[in-house]
Amino acid sequence: MLQILVVCGAGLGSSFACQMSVESVLQDIGVKASVDHSDISSAAGTRADIIISGKNFESQFRRYDLSMDLIFLDRLVDKKEIEEKLVPVLKSKGAL
Amino acid sequence: MTETYFTKDNVQFNVEVNDWKDAIYKSVALLRKNGFVTDDYATEVINNVKKYGPYIVIYPGIAIPHTRPENGALKVGVSLVTLKTPVYFKDTSSPVKIMISFSATDNEQHLEIIKMIVKIVENGLIDKISTMTSLADLNNLIGDGIS
């Protein structure tokens, strides 16, 4: 199954909230995926297919040569923004 | 959690703050007063925000100060502060009006608090909460927001 990891600074609040919004969007668009959350320091070793995080983390992620798709959000719990940015990635992966 | 989230001990309306750091200190002070966190927790939140950027601002108007359990969380707890004058965090385009601080002791037990916060945002309740001055009104609204 497609794996999505949501990342924030502490890995238990903002990312957890974002995970709920992501799960809600996935349900709306009818895509099944496994969603989890973590803090940025443990995100580097992840095998997730897609990483979703806040705009403020973009420069830190860009430093690594990560093979998965990266999505950066202005608003972590904005379902509209999540859908707009997630749908093209899901389509490119053939999940939608 | 079946009791109301918010009581006279963990809510303050129209709090005056100097800047985003002061807002974090005053919001986390209510967690400390209730024995949910140690004295260091607020400073740890501030250091994390300095290090990673304003990840606690999850939507325009709301910040949710929190950090890792090992940074001073003693129990799962929550507090709510509305700001008399909204404050800007670095790199955010709109100011924060309400602060919901929480502490977590593991990765799961605070799930209900996060759910409540997400509902507040998704149901568009930030502005309404920011103008409130009564605990009863707040709990009525959050009750409505959750159900």
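This is a predicted model: local features need pLDDT of at least 70, side-chain atom pairs count only at pLDDT 80 or more; totals for chains, interfaces and linings use all residues.
So, B:Asn14 sits in strand E1 of chain B, residues 11–15. Residues are numbered from 1 along each chain as its sequence is written, while chains are lettered from A and ligands numbered from 1 in the order in which they are written.

Back to B:Asn14: its phi is near 55°, which is positive in a residue other than glycine. Most residues other than glycine have a negative phi. B:Asn14 counts as partly exposed because it has 13 C-beta neighbours inside 10 Å. The cut-offs are these: buried takes 20 or more other C-beta atoms within 10 Å of the residue's own, exposed takes 12 or fewer, partly exposed is in between, and the C-beta atoms are placed from the backbone.

There's another one like that. B:Asp91 isn't a glycine either, and has a positive phi of about 65°. You'll find B:Asp91 in the loop between strand E4 (77–87) and E5 of chain B. With 10 other C-beta atoms within 10 Å, B:Asp91 is exposed.

Okay, zooming out to chain B. It has 5 helices and 5 strands, and along the sequence they run β-α-α-β-β-β-β-α-α-α. The C-alpha trace spans about 35 × 35 × 25 Å along its principal axes. A compact globule of 147 residues would have a radius of gyration near 15 Å, and chain B agrees with 14 Å; that's taken over C-alpha atoms, and the rule is 2.2 Å times the number of residues to the power 0.38. Of those 147 residues, 42% count as buried.

Now helix H2 of chain B, residues 41–52. Its 12 residues reach 16 Å from first C-alpha to last, close to the 16 Å expected at 1.5 Å a residue, where the expected span is 1.5 Å times one less than the number of residues. Which residues of H2(B) are buried? They are B:Tyr41, B:Ala42, B:Glu44, B:Val45, B:Asn48 and B:Val49. They cover an arc of only 160° around the axis, so they lie on the same side of H2(B); the arc is that of the directions from the helix axis to the C-beta atoms. B:Lys50 and B:Lys51, on the other side, are exposed. The buried residues pack against helix H1 (20–33) and strand E5 (96–103) of chain B. Just after H2(B) comes B:Gly53, with a positive phi of about 95°.

On to where the chains meet. The contact takes 22 residues from chain B and 18 residues from chain A, with contact meaning C-beta atoms, placed from the backbone, within 7 Å. On the chain B side, H2, strand E2 (57–59) and helix H3 (111–122) each supply at least two residues. H3(B) gives the most, with 5 residues.

Last stop, strand E3 of chain A, residues 50–54: 5 of its 5 residues are buried. E3(A) pairs with strand E1 (residues 3–8) of chain A in the parallel sense over 4 bridges, pairing being at least two DSSP bridges between strands. There, A:Val6 stands opposite A:Ile52. E3(A) also pairs with strand E4 (residues 69–73) of chain A, in the parallel sense over 5 bridges, and A:Ile51 has A:Leu70 as its bridge partner in E4(A).

Methods:
Two residues are in contact if their C-beta atoms, placed from the backbone, lie within 7 Å.
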